[in-house]
Amino acid sequence: MRITEETPYRFRVEREGGMRVPGIVFASRRLLPDPAVDESLRQVANVATLPGIVAASYAMPDIHWGYGFPIGGVAATDVDEAGVVSPGGVGFDISCGVRLLAADLDREALEPRLGAVMDALGHSVPRGMRRGSVWPMPDARRLRDVLEGGACHAVDMGHGVQRDLVRCEDGGRMADADPGRISPRAVERGLGQVGSLGSGNHFLEVQAVEEVYDARAARVYGLRPRQVCVMIHTGSRGLGHQVCSDQVRVMERAMERYGISVPDRQLACAPVESREGRAYLGAMAAATNFARVNRQLLGEAARRAFATHAGCGLDLVYDVSHNLAMVETHVVDGRRRRLCVHRKGATRAWPPGHPDLPADLADVGQPTLIPGTMGTASYVLAGVPDGRAFHSTCHGAGRVMSRHEAVRRVRGEALRHDLEEHGIAVRGTSWKGLAEEAPSAYKDVADVVDASVGAGLCRRVARLVPLGVVKG
Amino acid sequence: MPRTDAGHRTTAHTADLTVQAWAPTRERCVAHAVTGVVESVVGTGPPPATTTVERDLEGATDADLLAAVIDEVVYLLETRGLLPAATEVLATPTGLRARFSMVDADALEPVGAVPKAVSLHRLRCERGPEGWWCTVTIDV
């Protein structure tokens, strides 16, 4: 594999073999994955072989080894030229994403009440291996309403306020959801998980705004220095995973019929305009609506904890997915084209003035929410004019160390002690689970954000630091 | 020389969990992979089983059969709150029969991230000169 440094923040993976386009990795030299331990650059090259791919197989600065697609990968295929959709390009956790809420409270005012708020959150946020959800679904019919209506249905049922929908991608409901494409097994997995965090790298954090870089955008988003916030990182839980598993197998069986072969089974795909392609997008949209309701309900649980123990409300800043495929119109080679844009561990970042932005955000661009690691920082970024990679940016810090290695090097008890020494309250599920998510297992999120800004993918709006962590 | 030993281990994958297993037979190899997955969640030495669940599973290849058995473990954990303390795998004319000796997962203390799906990336289950060997990457 030949890699050329084009600028300090842009590396090119030259075309070879079956690659239809080059790979473009937006990263600094420091963040560029080490091929000896991480195969993500090979995965960038593999994605470049997908039928109908246009421009390049892109990777964001937080790129790391996934399966099929790299995590941090962006690829767009031309819908009108037999371009494909690949469930692996979205990932198992369909519409995994981040929701940020802001309290009308400064960190000093929260300090004496933080323990009570954290205890309430620790008690009311279902997480980890045990079953439980904020909004149990009694039957498949009720779940169908969630899959069709997304956050709009949750708000209609009294779980939230109308303004929540304005500040959620797609107004809280992804169109063209087809719950009929969701298997009974996926439904069964989803029934008891509406409003649950899960495990792995998912979390709910109480944070404070540490630094504001763009005062105007921060004001529009509803953020100010020292303000208390709540960040929720989770997705579509078992339902989304089952949809991905089911659809990868459907596509694998269909590929021969379409004359498609791929270098990795997890890249199984079918033309967007095929029966299988449309079925996947309908199921994916339904799982996306599930994920939005999931984050909506966890946001409601946080609102109750803050109302009871801190005496304040929480306003939604934004809710954005970082695992999704969307049909969008972009200009490529001077021509407007209908593209299926896969973002696997990457966040859409519409620029100021984009017609899909809600009116109040139109002047400043779309907020993108970048969760950091425990004990470091998270960022609020914004889309920029002339954004690259179909207006995409990073999605997090990006792992550099396997879970296996993290557990070998870090003791969960010591990590919790260290975090609490720094004033960060922790409500976890297991010591090993905590150790797996140690900050040292990740790239430095500040480096990732520097590279994203340097590469012209986004601009900084605010930096948030953790006050308390509820770990999945 | 054919192997007589059987076992499993987890290996590094940046974001998730990769389990490798080996055994003289395909069925024992798959059973060991299940044990590797379960140990990653709740450690070794689970309490005695309280119930048994049996499933007949199909797949076009041995690798797909391995994926089907682990998929079943994920599904039973999420929907019934059960984890296999021990797993026996038998060959059937159309695939594999998995006999899971189950414990209530709510009674166990997790020690690692919970498995959510089986990736097809580098999924292998094959017979070599020494016996059977498999590798599977699990999304957690």
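**Note on a predicted two-chain model**

1. Strands β4 (residues 82-92) and β5 (residues 95-104) of chain B run antiparallel and are joined by 10 bridges. Helices (H or I, at least four residues) and strands (E, at least two) are DSSP runs, numbered from the N terminus. Two strands count as paired if DSSP finds at least two bridges between them. β4(B) and β5(B) form a hairpin, with 2 residues between them. Within this pair, B:L90 has B:R97 of β5(B) as its bridge partner.

2. On conventions: this is a predicted model, in which local features need pLDDT of at least 70 and side-chain atom pairs count only at pLDDT 80 or more, while totals for chains, interfaces and linings use all residues. Residues are numbered from 1 along each chain as its sequence is written, and chains are lettered from A and ligands numbered from 1 in the order in which they are written.

3. β3(B) and β5(B) run antiparallel and are joined by 8 bridges. B:D56 has B:R97 as its bridge partner in β5(B). Strands of a sheet pair through backbone hydrogen bonds, either parallel or antiparallel.

4. Taken whole, chain B has 2 helices and 8 strands, and from the N terminus on its elements run β-β-α-β-α-β-β-β-β-β. The radius of gyration of chain B is 14 Å, which agrees with the value near 14 Å for a compact globule of 140 residues; the radius is taken over C-alpha atoms, and the globule rule is 2.2 Å times the number of residues to the power 0.38. The C-alpha trace of chain B spans about 40 × 35 × 25 Å along its principal axes. Of the 140 residues in chain B, 51% are buried (20 or more other C-beta atoms, placed from the backbone, within 10 Å of the residue's own).

5. In chain A, an open sheet of 7 strands has the order β1-β2-β3-β4-β5-β13-β12, with mixed pairing. Its edge strands, β1 (3-7) and β12 (323-332) of chain A, each pair on one side only. Neighbouring strands of this sheet are turned by 40 degrees against each other on average, direction ignored. β4(A) pairs with strand β5 (residues 69-78) of chain A in the antiparallel sense over 4 bridges.

6. How do α8(A) and α9(A) pack, and at what angle? α8(A) and helix α9 (residues 275-309) of chain A pack at about 170 degrees, with their axes 9 Å apart. That makes α8(A) roughly antiparallel to α9(A) (the word applies to angles over 145 degrees). The contact has 11 nonpolar, 3 polar and 2 charged residues. Here Ala, Val, Leu, Ile, Met, Phe, Trp, Tyr, Cys and Pro count as nonpolar, Asp, Glu, Lys and Arg as charged, and the others, Gly among them, as polar.

7. A:A285 lies in helix α9 of chain A. Is A:A285 buried or exposed? A:A285 is buried, because 27 other C-beta atoms lie within 10 Å. A:A285 and A:D176 are 109 residues apart along the chain, yet their C-alpha atoms are separated by 6.7 Å.

8. At the interface, 35 residues of chain A are in contact with 30 residues of chain B (contact means C-beta atoms, placed from the backbone, within 7 Å). On the chain A side, β4 (57-67), α6 (184-191), α8 (237-254), α10 (403-409) and α12 (431-436) each supply at least two residues. The largest share, 5 residues, comes from α8(A). The residues on this side of chain A divide into 7 nonpolar, 15 polar and 13 charged.

Conventions
Contact = placed C-beta atoms within 7 Å. Axes fitted to C-alpha atoms, helices over the stretch in contact; angles between N-to-C directions. Parallel < 35°, antiparallel > 145°, perpendicular 65-115°, else oblique. Buried ≥ 20, exposed ≤ 12 C-beta atoms within 10 Å, placed from the backbone.
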